[in-house]
Amino acid sequence: MLKNKKTIDDKVKNHIEHLFDGVGASQQLFDLKEELATNLKEKIADYRSKGMEDEQALQEAVISMGDLSGLVDDMRKLGRDKAKQAVYSTKTARISLAGIIAGVLLTLFGSFTVAMLYFINLSAEEAFGPGIFIVAGGALFTYSILTMETGKKYAMNKIRAASYALAVGSLLFGIFVAAVTGLTSDEIYVSIASSMLFVMAGVGLFLFLCLTGTDRLKTK
Amino acid sequence: MVGTISTDLIRGNTDTIVLNVLRQGDSYGYEIYKKVIELSNNQYELKEATLYTAFRRLEQEGYILSYWGDETQGGRRKYYRITKKGQERYEQNKKDWNFAKEVLTRLIEGGFCDVKK
């Protein structure tokens, strides 16, 4: 059953790719393909629940969509018009760029402050406090780099990117907690116990996102 | 389906139909498609191809906006929401339609004797 679903999903994907064959890439095309695929799959599922065979459900669903050539033409124009695309993506690209820079600076600020305080010979607890900036910086950096459209990849959707940021943030926070508690309490088991939850949540979320992701590579 | 509606007749009203569905709550492509069938009492089906073209046009003109929903088994759904400008457009279109409907009915069914009375 699961294998069946997989082949149907592939067929839907192939059909949509074929539909927009030779159309120049754009973020709008990428989005439209995903929108069409999601809705088409749901329609096929409805047909199948009414007792249709997989293949027939796919055929019927595709036919009932109607003539998509107008939409294909729209996309072709967009793909050709590079200037328009640039306008579409610059605003979000600028925001992502600012986020990346802020993320890196925040991380650096955290690292330098920790190093500085550590060498001033403050107590470890005080010295590692600003490490929280590294956590925030890492999360911001992750979010920004994933939502940026590059020459090779399309932007990730915001919810997904935010989840990645949460995973990285949680992981870093786990390490941060381990460092602070480990250095202040002298008992290693305390630091392991306190960081375990955050590290596990971070790794779990990260793995889930990695394994469920869609391909954002630009093919053309 | 008992009768048919010519594409010419429906074309000018696609946008209003979509706005009418969306003013009653956010929705996504396939659901809007099903709601149109439901609204028509199974008498009319608006092709998805027509719907997606309408979404693009309405969004460009600022009558609706779109956002991605959570992942479902089949992937992410793209939801649409009516804007304030879209609400106003809908009200205006409804008025225009009611006016046109009355005049057209008179033009198509009316006899000259009726007018004299």
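This is a predicted model: local features need pLDDT of at least 70, side-chain atom pairs count only at pLDDT 80 or more; totals for chains, interfaces and linings use all residues.
Me: What makes the pair Arg76(B) and Glu34(A) a salt bridge?
Reply: Their side chains meet at 2.5 Å, N to O. The cut-off is 4 Å between a side-chain nitrogen of Lys or Arg and a carboxyl oxygen of Asp or Glu, so the pair qualifies. The count between chain B and chain A is five salt bridges. There are also 14 residue pairs in polar contact between the two chains, with both residues at pLDDT 80 or more.

Me: Which helix of chain B gives the most to the side that touches chain A?
Reply: Helix 4 of chain B does, with six residues. The side of chain B that touches chain A divides into eight nonpolar, seven polar and ten charged residues.

Me: How do you know that the span of helix 4 of chain B is close to the expected one?
Reply: Helix 4 of chain B has 13 residues and reaches 18 Å from its first C-alpha to its last.

Me: How much area do chain B and chain A bury between them?
Reply: About 2200 Å², 48% of it on carbon and sulfur atoms. In chain B, Tyr52(B), Arg56(B) and Arg76(B) lose the most area to chain A, together 31% of what that side buries.

Definitions and conventions. Residues are numbered from 1 along each chain as its sequence is written. Chains are lettered from A and ligands numbered from 1 in the order in which they are written. Side-chain values use heavy atoms; hydrogens and water are left out. Buried area is the accessible area (1.4 Å probe) that two parts lose on being put together, summed over both. A polar contact is a pair of N or O atoms within 3.5 Å; within protein, one must be able to donate a hydrogen and the other to accept it, and residues adjacent in sequence count only if both atoms are side-chain atoms. Helices (H or I, at least four residues) and strands (E, at least two) are DSSP runs, numbered from the N terminus. Ala, Val, Leu, Ile, Met, Phe, Trp, Tyr, Cys and Pro count as nonpolar, Asp, Glu, Lys and Arg as charged, and the others, Gly among them, as polar. The expected span of a helix is 1.5 Å times one less than its number of residues.
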